[in-house]
Amino acid sequence: MGQHRSASASRLLGLGGFQVLAAEVVGGEWQLAVQTTATVVGCIGCGVRAELHGRRTVRVRDLPIGGRPVVLAWRKRLWRCREPACGVRTWTERTPAIGPRAVLTQRARVEACRRVGKDAHAVAAVARDLGVGWATVMRAVGDHGSPLVDDPTRLLGVAALGLDETSFLKATRLAPTQWVKGLVDLEHGRLLDLVADRTGAAVYGWLGAQPREWLTQVSTVALDPWRGYASALVAQLGHATVVVDHFHAIRLANAVVDEVRRRVQQATLGHRGRKHDPLYRIRKLLLTAAEHLTQQGQGRLRAGLAAGDPGGEVAAVWQGKELLRAIYAAVDRQAARAALDRFYHWSDGVGVAELSRLAHTVRAWEAEILAFHATDGCSNGPTEAINLLIKKVKRVGHGFRNFANYRLRLLLHCGVTWQIHRTARLRGRSSAVVA
Ligand SMILES: [Zn+2]
């Protein structure tokens, strides 16, 4: 490789303070011999110009070039001080671009963190692209991601707090499903944190760790009241308006519709829903908002109920679900109050046990349900959006086994602001220059 080509190769590498001495493809990977451009250095002790004492080659992996993994063979200089009075004898050069004993260059570690965190790429895929192991990539994610997640300013400015839970690990034969709660900034749609457990204790502890001023700024809390943690909020967020938002209310109503459908299915046909069973065939239509049903959908819903719901229980609960939805769709608090009474009247009248239980819960949380209209329709919508992002990260994660990793990756994906900066575009092209 001549002078000119070496200069282009160095430009292509784009690693500040380094130049390329030689380049070849070995086993599908770029092997680049590099050295620093620091040919004149002063002694680290006395400042006198140092003398080259030898070289030692250090191998480290860098960002891929043109889709190929890259190995840098850094011909590291050993320096010696010639000043007899100086206590320093020899030392090896250092660079911020490559940490001591590093497997990856600093920028490759940052990029690995960005891909896993911001882009939610699988750790294994990033590891493959860089030609390193899973643990090396995950360590980079931890080292570069943790400061972003731990930055205390990340949590500033939360006026509306949403609480939700999502399953972390699905149950296996040996262990029950583990649950985590997400705390969400509802105004800005970002994940504030994840805490593990199903009771209120973890949320209580998390809130307890926040400064008093932070808690005072939270004026609205939207939550799922059918979980244990609601009471945990009262001590620390007693000043805030607690809202039971429509997402949670309707999710619960849908669960009741499903429950009754399954029970009636079992009672009438003696088995769980199968493909051609009338109730099974309308299971999704039953959960669709009535105003979103097409004429054809309405017809199928009616026919399914006529064929599979002889006692009218599924139809009764479906109606109850729609009446609960009407509370949230009401134009104001007064209309919501009237809608609430229609829901109670219906639920008490039809006498389906599951629906009576739902009405009982709604009564217990009536003030928080009506508060939905007092807080300008404060919604847990951002929470739902974040739940979709969480599902995405879980899909690429293929079953997390480690809560700390899971939390880190979710917060990096939906809880931090990333500085937009890319080095990959330039590097993606014209790798032929160094060939
Ligand atoms: Zn010296």
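Colleague: Contact means heavy atoms within 4.5 Å. Among contacts between residues at least 6 apart in sequence, what share joins residues at least 24 apart?

Modeller: That share is 61% in this chain. Keep in mind that this is a predicted model, where local features need pLDDT of at least 70, side-chain atom pairs count only at pLDDT 80 or more, and totals for chains, interfaces and linings use all residues. Residues are numbered from 1 along each chain as its sequence is written, and side-chain values use heavy atoms, with hydrogens and water left out.

Colleague: How many helices and strands in the chain?

Modeller: 18 helices and 10 strands. These are DSSP runs numbered from the N terminus, H or I of at least four residues for helices and E of at least two for strands.

Colleague: And how much of the chain is buried?

Modeller: Of the 435 residues, 47% are buried. Buried is under 20% relative accessible area, exposed is over 50%, and partly exposed is in between (1.4 Å probe, protein chains only).

Colleague: Cys43: buried or exposed?

Modeller: Cys43 is buried, at 7% relative accessible area. Cys46 is partly exposed, at 36%.

Colleague: There's another cysteine, Cys113. Where does it lie?

Modeller: Cys113 lies in helix 2, residues 106-117. Beyond its neighbours within four places in sequence, its contacts include Lys118, His144, Leu412 and Trp418. Its C-alpha atom is 9.2 Å from that of Val126, 13 residues away along the chain.

Colleague: Val126 is in helix 3, then. Which residues of helix 3 are buried?

Modeller: Val123, Ala125, Val126, Ala127 and Leu130 are buried there. They pack against strand 3 (51-65), strand 4 (68-80), helix 2, helix 4 (134-150) and helix 17 (403-414). Just after helix 3, Gly131 has a positive phi of about 75 degrees.

Colleague: Which residue other than glycine has a positive phi?

Modeller: Ala120 is one of them, with phi near 55 degrees. Most residues other than glycine have a negative phi. Ala120 sits in the loop between helix 2 and helix 3 (123-130), and is buried at 4% relative accessible area. Arg101 also has a positive phi, near 55 degrees. Arg101 is in the loop between strand 5 (90-92) and helix 2. It is exposed, at 80%.

Colleague: Last topic, strand 7. Why is it largely enclosed?

Modeller: Because 6 of its 8 residues (178-185) are buried.

Colleague: How does strand 7 pair with strand 8?

Modeller: Antiparallel, over 6 bridges, with strand 8 at residues 190-196. Two strands pair if DSSP finds at least two bridges between them. Val180 has Ala196 in strand 8 as its bridge partner. The two strands form a hairpin with 4 residues between them, and Gly189 in the turn has a positive phi of about 60 degrees.
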